[in-house]
Amino acid sequence: MENLPIQITIHPALYTKNPESSDLGKKIVCTSIEMIDELGFESFTFRKLGVAIGSNESSIYRYFESKHALLVYLINWYWSWIEYKLVFANTNVTSPKVKLSNAISLITEEIKEDNLFTFINEVSLNKIIVAESAKAYHTKDIDKENEKGFYKTYKRVVQRISDIVLEVNPTFEFPHMLISTVIEGAHHQRYFSKHLPSLTDVEEGKNNIVRFYIDLVKKTLS
């Protein structure tokens, strides 16, 4: 997998200038991930980011019109990366049940860094997705942003896995509800395991979140 040359493509509507087009843009993305993970989205500002990268605040606005736009960009990058991994994991897999198990594992497992993308720390980005991503779409502008395609990659991942659900059980009535519930639920369980452990049953070394959701999906579809 390390030798596959791939490109994560993000829709141009999600940025003012493509951050992957310059070293400064990549530095903005890389450092913002580190800072949002460390500070939290509320405390993160472009002023602080400018200080961290040794650039003025206005240079960041040339790439993203707001920190909300930056967060949406990061979310889209993450789900595009997950989509790539999903397609790769199920290449040449013919069994629908195996494909679904692979998919559920992928969207619920603990993330490891992918060396294909040197300017993105996927581990830190996943922490942002778990802790902060709901803030991107729990806004008054969600409908307008959805029309512009801001959340297209997330919806596309849900659709891909929902299609596999229907391969396993063509009569199942709620494939999208099932998969979006698994994704959001797994994120909650990851968050709880770090901060509110009494709300979860995570145990070190037992991979309980992945096991729980694979079992849940299998029983739901049986």
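Predicted model: local features only at pLDDT ≥ 70, side-chain atom pairs only at ≥ 80, totals over all residues.
Lysine 135 is partly exposed, with a relative accessible area of 31%. Show its side chain and look for its charged partners.

One partner is glutamate 42: the two form a salt bridge, with the closest N and O atoms 2.8 Å apart. Now colour the two places they come from. Glutamate 42 is in the loop between α1 (23-39) and α2 (46-53), while lysine 135 belongs to helix α7 (residues 134-137), so this pair ties together parts that are 93 residues apart in sequence. Glutamate 42 is exposed, at a relative accessible area of 53%.

Is glutamate 132 buried or exposed? With 7% relative accessibility, glutamate 132 counts as buried. Keep Glu42, Glu132 and Lys135 on screen together, and you are looking at a network of salt bridges. The structure has 8 salt bridges by the rule used here.

For another of these, select glutamate 83 and arginine 160. They form a salt bridge whose closest N and O atoms are 2.7 Å apart. Glutamate 83 sits in helix α4 and arginine 160 in helix α9, so the pair ties together parts that are 77 residues apart in sequence. Glutamate 83 counts as buried at 8% relative accessibility, whereas arginine 160, at 38%, counts as partly exposed.

Time for the rings. There are 13 aromatic pairs in the structure. Select tryptophan 79 and tyrosine 154: their ring centres are 4.7 Å apart and their planes are at 15 degrees, so the pair is stacked. Tryptophan 79 lies in helix α4 (residues 67-89) and tyrosine 154 in helix α9 (residues 152-168), so this pair ties together parts 75 residues apart in sequence. Tryptophan 79 is buried at 3% relative accessibility, and tyrosine 154 is buried at 13%.

For a contrasting angle, move to phenylalanine 172 and phenylalanine 174. Their ring centres are 6.2 Å apart and their planes are at 90 degrees, so this pair is edge-to-face. Phenylalanine 172 counts as buried at 15% relative accessibility, while phenylalanine 174 is partly exposed at 39%.

For the last stop, select lysine 67 and phenylalanine 41. What sits over the ring of phenylalanine 41? The charged end of lysine 67 does, 4.7 Å from the ring's centre.

Technical notes: Residues numbered from 1 in each chain as written. Heavy atoms only, no water. Phe/Tyr/Trp six-rings, centres within 6.5 Å; stacked < 30°, edge-to-face > 60°. Helix = DSSP H or I, 4+ residues; strand = E, 2+ residues; numbered from the N terminus. Buried < 20%, exposed > 50% of the residue type's maximum accessible area, 1.4 Å probe, protein only. Lys NZ or Arg CZ within 6 Å of the ring centre and 35° of its normal. Salt bridge = Lys/Arg side-chain N within 4 Å of Asp/Glu carboxyl O.
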